Structures are given as structure tokens and as C-alpha cells.
Amino acid sequence: MTLQVLLLSAPVLAAALVIGLLVSIVQAVTQIQEQTLSFVPKIVGMALVAILVAPWVTIKIIDFAQRMFAGH
């Protein structure tokens with residue numbers, strides 16, 4: 001079950017990690033330290049990834065629920 005949670009949350013968390021790293025590099029290079037500059041792209045990127053992987057996540061959750069109710 002724990003592995004299932006990690007697997008389902010990994011795409012969104014990976015997107016936040018990559019976007020945060022890229023924005024941090026841009027902020028370090030340009031010396032712009034605006035808080036919203038790191039927050040807004042992460043939220044938008046995480047939302048887009050969540051929308052894109054929603055069908056896959058739904059299938060995985062349904063499969064998990066079916067296995068649980070079947071007693072496997």
C-alpha cells in the first residue's frame with residue numbers, strides 16, 4: 001500500500017522538484033529573489049502534470065480497490 005501511494009504521487013512530486021530546481025537556477029543566475037516567481041510555476045506545473053496523469057492514476061486506484069475488495 002505504501003508503495004502504491006509513492007507510485008501515484010511520484011509524477012506530481014517529480015514535476016515540483018524539477019520545476020523548483022529550474023526556477024532556483026534562474027533565480028541564482030539573475031539574482032531575482034521573488035517568492036512568487038518560484039511558487040506560481042510550481043503550482044501551474046503540478047496542476048498540468050496532475051491533469052495529464054489523472055487517467056493513469058484513476059486506473060491504478062481502481063485496480064487497487066478491486067484487489068482490496070476481492071481479498072487479494
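**View 1. Ser38 sits in helix H2.** Ser38 belongs to helix H2, which covers residues 35–70. Helices here are DSSP runs of H or I with at least four residues, strands are DSSP runs of E with at least two, and both are numbered from the N terminus. This is a predicted model, in which local features need pLDDT of at least 70, side-chain atom pairs count only at pLDDT 80 or more, and totals for chains, interfaces and linings use all residues. Residues are numbered from 1 along each chain as its sequence is written, and side-chain values use heavy atoms, with hydrogens and water left out. Is Ser38 buried or exposed? Ser38 counts as buried because its relative accessibility is 19%. Buried means under 20% relative accessible area, exposed means over 50%, and partly exposed lies in between (1.4 Å probe, protein chains only). Setting aside residues up to four places away in sequence, Ser38 touches Val23 and Gln27. Contact means heavy atoms within 4.5 Å.

**View 2. Gln27 is a buried residue of helix H1.** Gln27 is found in helix H1. Its relative accessibility is 8%, so Gln27 counts as buried. Which residues does Gln27 contact, leaving aside neighbours within four places in sequence? They are Ile32, Gln33, Glu34, Leu37 and Ser38.

**View 3. Gln31 lies in the loop between H1 and H2.** The loop between the two helices H1 and H2 holds Gln31. Gln31 counts as exposed because its relative accessibility is 68%. Its phi is positive, at about 60 degrees, although Gln31 is not a glycine. Most residues other than glycine have a negative phi.

**View 4. A nonpolar patch lies on the surface.** Which residues form this patch? They are Leu17, Val18, Leu21, Leu22, Ile25 and Val29, with about 620 Å² of accessible area together. Patches are made of residues with over 30% relative accessible area and no salt bridge; nonpolar side chains (Val, Leu, Ile, Met, Phe, Trp, Tyr) are joined within 5 Å, and like charges within 9 Å. A salt bridge is a side-chain nitrogen of Lys or Arg within 4 Å of a carboxyl oxygen of Asp or Glu. Accessible areas come from the Shrake-Rupley method with a 1.4 Å probe, and for residues only the protein chains shown count as cover. Val29 lies in helix H1, residues 2–30. Val29 counts as exposed because its relative accessibility is 66%.

View 5. Val49 has its place in helix H2. Its relative accessible area is 22%, so Val49 is partly exposed. Apart from neighbours within four places in sequence, Val49 contacts Pro11, Val12 and Ala15.

View 6. Ile43 is found in helix H2. Ile43 is partly exposed, with a relative accessible area of 44%. The C-alpha atoms of Ile43 and Ala16 are separated by 7.9 Å, though the two residues are 27 apart along the chain. Ala14 is in helix H1, and it is partly exposed at 39% relative accessible area. From Ala14 to Met46 the C-alpha separation is 8.9 Å, at 32 residues apart along the chain.

**View 7. Helix H2 bends at Ala54.** The bend at Ala54 is about 55 degrees, and a proline, Pro55, follows within four residues. The bend at a residue is the angle between axes fitted to the seven residues ending there and the seven starting there. Which residues of H2 are buried? They are Ser38, Gly45 and Val57. H1 is included in what covers them. Thr58 also lies in helix H2, and at 40% relative accessibility it counts as partly exposed. Thr58 and Ala14 are 19 Å apart, C-alpha to C-alpha, and 44 residues apart in sequence.

**View 8. The whole protein has two helices and zero strands.** The C-alpha trace spans about 55 × 20 × 15 Å along its principal axes. Of the 72 residues, 15% count as buried.
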